[in-house]
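Here is a note for a colleague who is opening this structure for the first time. The points below can be read beside the sequence and the model.

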Amino acid sequence: MATTTNTKSFSNYINGKWSPSESSEVIQSTNPAKPDEVVGTVPSSTKGDLEEAVQAAKAGQQKWKKLSGAERGNVLFKAAEVLEKNLEEVAETMTREMGKTLPEAKGETARGVAILRYYAGEGMRSDGDVIPSTDPSALMFSKRVPLGVVGVITPWNFPVAIPIWKMAPALIYGNSVVIKPASEGAVTAAKVIECFDKAGFPEGVVNLVTGKGSVIGQGLAEHKDVAALTFTGSNATGTHIGQTVAARGGKYQLEMGGKNPLIVAEDCDIDLAVDAAISGGLKSTGQKCTCSSRVIIQEGIYDKFKQKLLEKVGEITVGDGLEEHTWMGPCATKEQYDSVQKYIEIGQQEGAELIYGGKTVSSENNGYYVEPAIFDQVESTMKIAQEEIFGPVLALMKVKTVEEAINLANDVDYGLSASIFAKNIDHILDFIEDVDAGLVRINSETAGVELQAPFGGMKASSSYSREQGQAAKEFFTTFKTVFIKR
Ligand code: NAD
């Protein structure tokens, strides 16, 4: 029997109001630490609901774009203030909905606040260039202008930060948004929209429509009035969405999966490298797109690194993310848990040696817990070395040289983040130059990037556009080139 402590039922948010869906069907979000506990519900919306939201966004954008950047920025500053006031509650909902530990959830929400403030300030910065004309009696300049309605499709693993790092730049540059969050994180995303509601965005500027990816996500990708679509999620969904938007001539941005390598060179500080493998690979239960999943180690320190890693991983406590002693929460959903178990089985069938963990952690409430898993003797051809697992699984691989390590790092379809732990400057410079990754990190874990810097991947990880920092401007605006003849 499902329990309903602190359950919150949300409707869609359209044209500045919480609006019931045409459909009476709802999607239930449950707690992965206690699958019987319902965290909340959101509507399984219809194409009709989406149409209403897109038309509201279209009308709302016409007025929003006429405000000055400073006026738009003030609303974003207010949204940051409201979110900050509600940080504890939003973070707790996140932990209950997708299992991330409470300190991580608070950190993510605080990041959402900082992103809102960063882009609020953007409203006062330059939005064009004066370009010298060859005609002495003319003035020529470029001016950035909004695109119109932006569709936002987000995954469940960062249910606060990703919606905000897409919506905040879209909004400050004068676009309106229709967001469809992943159903597994939709209650948390709706709580963010609740804060936006209190911040006082004008009607139609921010719209939330929840529902199935195949209905609402697909509908956003196909809609001719959605000028641009920004997507974060899996490679399979992203590739399909990119093709759908391209077919109608829309603008799109895709940030997708990773299979991120961490190289451990012989001369590195081994304790720091071990900490980075643990933190970058296993925090958030390995469910970050930038998580380290392949640890490529030079043979001279392989055994020592392995021994220290095994000592450290043994200290990890698995449990409900709301409990203080928990270092690693459950997998976010039953599907994730099953998928991690499947890969642990595949790894063993392929001949890799499971040297630590990988078993289910049983609990009173039947949470989706799994021990962190470490595989030894991993070959690059194995599925566990090639496919994104999105779970707490580390694959150890042995190499002779740093050059071989870089080649191995590049031997996957993905190219999101990559780290090296080394002191030799030649090895570091070779790594920076040769590794196929959008995020290149030296003596630092693969996970994480500062919000004021460009974020995104190469190869199958991205459509090569970048998010965050000033890079976001490129996606969320276009130019008018103005020529004025005296
Ligand atoms: P997913 O692709 O299953 O879903 C992402 C979103 O797409 C959800 O909102 C979903 O409802 C929607 N969707 C599903 N089918 C659709 C369709 N046919 N048309 C339109 N939309 C559709 O991904 P997920 O499981 O939510 O998230 C995990 C994935 O996200 C991992 O691969 C991870 O690496 C990736 N991710 C990437 C980044 C990054 O910035 N590169 C960040 C976080 C997560």
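1. Between the domains, 22 residues of domain 1 are in contact with 28 residues of domain 2, contact meaning heavy atoms within 4.5 Å. The model is predicted, with local features needing pLDDT of at least 70 and side-chain atom pairs counting only at pLDDT 80 or more, while totals for chains, interfaces and linings use all residues. Residues are numbered from 1 along each chain as its sequence is written, and side-chain values use heavy atoms, leaving out hydrogens and water.

2. The domain assignment gives domain 1 as 8-256 + 462-485 and domain 2 as 260-450; such bounds come from an automatic or database assignment. Their C-alpha centres are 31 Å apart.

3. Domain 1 and domain 2 bury about 2000 Å² between them, 60% of it on carbon and sulfur atoms. Buried area is the accessible area (1.4 Å probe) that two parts lose on being put together, summed over both.

4. On the side of domain 1 that touches domain 2, the elements giving two or more residues are strand 5 (34-43), helix 3 (87-98) and helix 4 (102-122). Helix 3 has the largest share, five residues. Helices (H or I, at least four residues) and strands (E, at least two) are DSSP runs, numbered from the N terminus.

5. Asp225 is in the loop between helix 7 and strand 11 (228-232), and Lys58 is in helix 1 (residues 47-64), 167 residues apart.

6. Helix 7 (residues 213-222) packs against helix 8 (residues 235-247) at about 35°, with axes 8 Å apart. Axes are lines fitted to C-alpha atoms, for helices over the stretch in contact, and angles run from 0 to 180 degrees between N-to-C directions. Gln218, Ala221 and Glu222 of helix 7 meet His240, Ile241, Thr244 and Val245 of helix 8.
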